[in-house]
Amino acid sequence: KLFWRTPLFITNGLTPFIIIPIAVFLPMMTSSSSGTGANDITQLLNMPNGRLIMNLVLAGILAMTTAMNSISYTAFSREGQTHWISVITPVSIKEQVDAKLLNCVAINLLLGGLLIVAFSLLFHRTFTDMITVIVLVAPAMTASICVDMALDASMPKLDWITPQQLFKR
């Protein structure tokens, strides 16, 4: 609830999913040697292995956006001064960690799914291409979320007053 109710958390979670694809594809769509826009991407898609290369590029972009997303590396620290509630709640620590992992994965899947749909519409990808990208990015996404959560669990910052202090650490 804290993630969805706090605009700073939402904007910091959405920012990588907006900026990174634009930063990667805008130069490819606007610059080319012959002066025609989107020539680089068209050439890439017309190559013999262009579909596979494009799927790998899309999976890499999604993996990078997930790794740079602030949702998982603030999973424990977001509790802040209400951390005592998690300590006294009669729920096992494993269930709490699983719930935090599920929350991070669900949010990243939602944002990543929207990005995959946008890529599919923009670059005319097929349904099998979308499934291929999801299969390629799922292990990388889960691994980066687990690493980020482990770092936050080992050094949580629970004494913040405003969300800006949490992100400035």
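Is D98 exposed, partly exposed or buried? With a relative accessibility of 35%, D98 counts as partly exposed, a class that lies between buried (under 20% relative accessible area) and exposed (over 50%), judged with a 1.4 Å probe and protein chains only. The model is predicted, so local features need pLDDT of at least 70 and side-chain atom pairs count only at pLDDT 80 or more, whereas totals for chains, interfaces and linings use all residues. Residues are numbered from 1 along each chain as its sequence is written, and side-chain values use heavy atoms, leaving out hydrogens and water.

Charged pairs come next. Side chains of opposite charge can pair when their charged atoms come close. The structure holds 2 salt bridges, each being a side-chain nitrogen of Lys or Arg within 4 Å of a carboxyl oxygen of Asp or Glu. In one of them, D98 is joined to K94, with 2.8 Å between the closest N and O atoms. These two residues sit 4 apart in helix α7 (residues 93-123), so about one helical turn separates them; helices here are DSSP runs of H or I with at least four residues, numbered from the N terminus. K94 is exposed, at 59% relative accessible area.

R125 and D129 also meet through their side chains in a salt bridge, at 3.2 Å from N to O. Here R125 is buried, with a relative accessible area of 12%, and D129 is buried too, at 4%.

Turning to helix α2 (residues 7-30), this is where I22 is placed. I22 is partly exposed, at 46% relative accessibility.
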